[in-house]
Amino acid sequence: MFKAKAQNDNTIVNLKSKYWKDKRESLKQINRSQGFVCQSCLKKVVLAWAANPKTAPHFRHNPKNIDCDQNDESTEHAKGKELLYEYFAEKYKDIAEEVDIEHQIPQTGQIADVYIKFKNGQEWAIEYQRSNMSLDTLIRRRELYRKANIRDIWIVGENLARIQKDDSVSFKRISQELISNTSFGRNCILSFNPTTMKVGIYRSISKINSRKYRAYMHFYDLENIEFNLIGEPFGYRDVIDFKGINYDFVHSSRLTMPDITLQKSDIPAYKFLAVQEYTGQIDETYINIPNALMKFIPKRCSEIDLEVEIVYSHKDIHKVGQFFPVKVSASRWRSKLNEKKMDRFKETDFTRWWYPISQLYSMATLESRFAWLESAVPFARQRRTLYDKKIIDHLYKPTDKVELIPLLSAVMCILKVQSKDVLVEALDRDFIRKTDEEISNVFIIELMKKVEVICVERFNALGKGRIDLVF
Ligand SMILES: [Zn+2]
């Protein structure tokens, strides 16, 4: 622990504070004379502060006291607590009245790993948990915080939430108890690894058996997460585009307002005052943030990107103001959110086998049918037909990745081209420009268009009727 009470004058010594940082000698002196006691159990503790310390200076019970809340902690716990304290102290220095480590809550007597009192009166206690404390103790401590009107935020160590080989997560009993409801979907738990400095946010957790769980999980650097106004954690991967109004008449355009500051407004009809500085001019607008986006407002409510749509001719426009917010995010996430947008583009269903197989099926059955696209034929049957006709070499699943050679081989089969070297043939026919072509949505669509033109020409030449290109 980093705090203890000096026996000579009952001062609380905080080894993390600036005041005591360079006072090793005088602390050693107290340690030798009257000594220190634990602020929780009042039993004797000793100062561990070597001249060239390998671990951060701290106090420990002497002799050990396993009944104390401030039970002698592991190095990882001390490190994690210290990092979390530094993170919150820095992050909320503008809006907090006090950020403290090992803070004794006067109303309940318990000691919070990290404690924050905000200038608006709100209080948070952050508890970093790495050991499997009893469920009774946990429930009692949470109840005390609730009675004292303090928001308790529990973060478990990575040792209590282990990812298994099959991507499931093994949550220890205490973690299971800490899985709680959140505005970001079903439920959530937070983990922190003090060695890698990574925070894990687990969401939509569901039970497989008594230990194993499925969860959506994302890992962020500690400094890259935010807590919202009610103390729920979120990262840039949680940010969404929001469509809250069904327009009667759509005439909207999108506008991003960077470098905006959101302030809580005292006008009840509006929740926030957006203050924007632009070429020396200060612009103030009242903005009503829809409930669905409220959860994305960071506790430190400044430097926010607010994406708004300007909606004309909407019947509710006098109620919501000129702008309708569709996205709120921390400004520092701007580049990460752009990357995320690109990821989504790369991962659309078009790049899987579903689209090429539907197209190949249509083309393969062209000569015997008049209908160009038979959308009613189930994917499984299309796939089976292509496989039986030896056009595709195995029964791809819709989620299988498309690869260049099998795709080109299938195209050659459709066109009844016998080719030992599909790549050479595909280059000759201008299907690809180079042999290391990247398989993307655009590439597949372009290739299918080229093949379609050839197929339609052939069909029309048969004299069974005429069909037109779909694209
Ligand atoms: Zn103690």
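In which sense do β9 and strand β13 pair, and over how many bridges? The two strands, β9 and β13 (residues 187-193), pair in the parallel sense over two bridges.

Before we look around that spot, a word on the model. It is predicted, so to speak of local features a pLDDT of at least 70 is needed, side-chain atom pairs count only at pLDDT 80 or more, and totals for chains, interfaces and linings use all residues. Residues are numbered from 1 along each chain as its sequence is written.

## The whole protein

The protein has 13 helices and 22 strands. Helices (H or I, at least four residues) and strands (E, at least two) are DSSP runs, numbered from the N terminus. Of the 471 residues, 28% are buried. Here a residue is buried if 20 or more other C-beta atoms lie within 10 Å of its own, exposed if 12 or fewer, and partly exposed in between, with C-beta atoms placed from the backbone. Among contacts between residues at least 6 apart in sequence, 56% join residues at least 24 apart. A contact means that the C-beta atoms of two residues, placed from the backbone, lie within 7 Å.

Let us return to the opening strands. Two strands pair if DSSP finds at least two bridges between them. The table lists the pairings here.

| Strands | Sense | Bridges |
|---|---|---|
| β7 (residues 111-118) and β8 | antiparallel | four |
| β8 (residues 123-129) and β9 | parallel | six |
| β9 and β13 (residues 187-193) | parallel | two |
| β12 (residues 180-181) and β13 | antiparallel | two |
| β13 and β14 (residues 198-207) | antiparallel | six |

Strand β8 is mostly covered, with six of its seven residues buried. Its Glu123 is the bridge partner of Lys117. The hairpin of β7 and β8 has four residues between the strands, and Gly121 there takes a positive phi near 95°. On the β9 side, Trp124 stands opposite Arg151, and Gln129 has Val156 as its bridge partner. Together, β8, helix α4 (residues 135-147) and β9 make a right-handed β-α-β unit. Right-handed means that, with the strands pointing away from the viewer, the path from the first strand over the helix to the second runs clockwise.

Strand β9 (residues 151-157) is mostly covered, with five of its seven residues buried. Gly157 has its bridge partner, Phe192, in β13. Phe192 also has a bridge partner in β14, namely Val199.

Five of the seven residues of β13 are buried, so the strand is largely enclosed by the rest of the structure. A hairpin of β12 and β13 has five residues between the strands, and Gly185 in the turn has a positive phi of about 105°. In that pair, Asn181 stands opposite Asn187. The hairpin of β13 and β14 has four residues between them, and Met197 in its turn has a positive phi of about 65°.

Five strands form an open sheet in the order β2-β1-β3-β4-β5, and the pairing is antiparallel. At the edges stand β2 (12-14) and β5 (58-61), each with a single partner strand, so one side of each is left without a neighbour in the sheet. Further in, β3 (residues 36-37) and β4 (residues 44-48) pair over two bridges, and Phe36 stands opposite Val45. Helix α2 (residues 24-32) lies across β1 (3-6), β2, β3 and β4, running at about 145° to β4.

## Two packed helices

Two packed helices are described by the angle between their axes and the distance between the axes. Helix α9 (residues 354-364) and helix α13 (residues 441-462) pack at an angle of about 5°, with their axes 11 Å apart. That makes α9 roughly parallel to α13. Axes are lines fitted to C-alpha atoms, for helices over the stretch in contact, and angles run from 0 to 180 degrees between N-to-C directions. Angles under 35 degrees count as roughly parallel, over 145 as roughly antiparallel, 65 to 115 as roughly perpendicular and the rest as oblique. The contact involves Tyr355, Pro356, Gln359 and Met363 of α9, and Ile444, Met448, Val451, Glu452 and Cys455 of α13.

## A loop residue

Glu303 lies in the loop between α6 (291-294) and β21 (304-311). With 14 C-beta neighbours inside 10 Å, Glu303 counts as partly exposed. Leaving aside residues up to four places away in sequence, Glu303 touches Asp259, Ala330, Ser331 and Arg332.
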